[in-house]
Amino acid sequence: MLEQKQAVADCMNRLYRQGLTTTSGGNVSLRIGDDLLLVTPSATDKGRMTAEQIVEMGLDGANRTPQHTSRSQSLTEGIQRPGGLATPDDLATCIRFSGETPLHLEIYRRRPDVRAIVHAHPPVASAFTAVDRQLNVRLIAESYAILGEPAVAPYALTGTAELAEAVASALVGSTCCVLMKNHGVLTVGSTLLEAFDRLEVLENAAKITLLVSQLGTAVELNPQQLAELDRWAGRTG
Ligand SMILES: [Zn+2]
């Protein structure tokens, strides 16, 4: 279990190093077996996350972290005062999972194939959630092959059942990434690395869309090339 918790912490630290999330934003989760999740904690420095800080949670939303006690709960509440980000030294943060956990739970309940989820607010892809312009994955082969077509979910307040419903409903079929209006992005995968890769490729696709719009008239992959990439990626089209 420690190795898997380290992988979740490493994924979050890598998101921060790559400029894909802020110190306080974003969250990562991994499904273990059928009904146990490992989730990053809330109000914690996302650039210095350790395995000991990762929360264990049931698919029912119950906190199953061994060190989850009433004493540490109250300590965490103290740490979570506005402006008070916890550090790896504040082990009490182990017991408080991410505020955006309802989103993760709802997706795992509906998509048995999903084993990992990465959610963040990367600047360029997030900018596309705040304008009436499409993030174009049909410009570069890698974008379309890795992502397919991203879904779009309507805005709802962070941490609410309404947001969980909106995003989970958008992830139909084999859809692997969602643009969350006026918020950020979320990707899923069969492994942590796959979910991370998809988020990074999505941010790249957003940058490429922006650059192409400045360079001139876009020349998209044609329907035959897109169908070829669908087959390459194992999608039915
Ligand atoms: Zn968010």
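Predicted model: local features only at pLDDT ≥ 70, side-chain atom pairs only at ≥ 80, totals over all residues.
Figure 1. In general, the strands of a sheet pair through backbone hydrogen bonds, in either the parallel or the antiparallel sense. The chain as a whole has eight helices and seven strands. Of its 237 residues, 41% are buried. Among contacts with a separation of 6 or more, 68% are between residues 24 or more positions apart.

**Figure 2. The pairing of S1 with S2, and helix H1 across the sheet.** S1 and S2 are antiparallel and share four bridges. Leu30 has Leu38 of S2 as its bridge partner.

**Figure 3. Thr22 in the loop between H1 and S1.** The loop that joins H1 to S1 contains Thr22. Thr22 counts as partly exposed because 15 C-beta neighbours lie inside 10 Å, while a buried residue needs 20 or more and an exposed one has 12 or fewer. The C-alpha atom of Thr22 is separated by 8.3 Å from that of Ala120, although the two residues are 98 residues apart along the chain.

**Figure 4. Strand S6 and the crossover from S5.** S5 and S6 pair in the parallel sense, with three bridges. Ala153 is placed opposite Met180 in S6. Between these two strands the chain passes through H6, and this β-α-β crossover is right-handed. In a regular strand, side chains alternate between the two faces of the sheet. In S6, Cys177 and Leu179 point one way and Val178 and Met180 the other way; all are buried.

**Figure 5. Helix H6 and its cover.** Leu163, Ala164, Ala166, Val167 and Ala168 are the buried residues of H6. These buried residues are covered by elements including H3, S5, S6 and S7. An α-helix has 3.6 residues a turn, so residues three or four places apart point the same way.

**Figure 6. Helix H3, largely enclosed.** Helix H3 (residues 101-110) has seven of its 10 residues buried, so it is largely enclosed by the rest of the structure. The buried residues are Thr101, Pro102, Leu103, His104, Leu105, Ile107 and Tyr108. Their cover includes strand S1 (27-32), strand S2 (36-39), strand S4 (116-120), helix H6 (161-170) and S7.

**Figure 7. The hairpin of S6 and S7, with Asn182 in the turn.** S6 and S7 pair in the antiparallel sense over four bridges, and they form a hairpin with three residues between them. Leu179 stands opposite Val185 in S7. Asn182 belongs to the loop between strand S6 (177-180) and strand S7 (184-189). Its phi is near 55°, which is a positive value in a residue other than glycine. Asn182 is exposed, because 11 other C-beta atoms lie within 10 Å, and 12 or fewer is the cut-off for an exposed residue.

**Figure 8. Val185 and its contacts.** Leaving out residues up to four places away in sequence, Val185 touches Cys177, Val178, Leu179 and Met180, as well as Ala120, Pro122, Ala125, Ser126, Leu199 and Leu202. Val185 is also among the residues with the most contacts inside the largest nonpolar core.

**Figure 9. The largest nonpolar core and helix H7.** This core has 55 residues, and those with the most contacts inside it are Val8, Val118, Leu147, Val167, Val178, Val185 and Leu202. The element that gives the most to the core is helix H7 (residues 192-215), with eight residues. Domain 1 (1-99) and domain 2 (100-237) each supply at least three residues to the core. In soluble globular proteins, nonpolar side chains tend to be buried together.

How values were computed:
Residues numbered from 1 in each chain as written. Core = buried A, V, L, I, M, F, W, Y, C linked by C-beta atoms within 7 Å. Domains from an automatic or database assignment. Contact = placed C-beta atoms within 7 Å. Pairing = 2+ DSSP bridges. Right-handed = clockwise from strand over helix to strand, strands pointing away.
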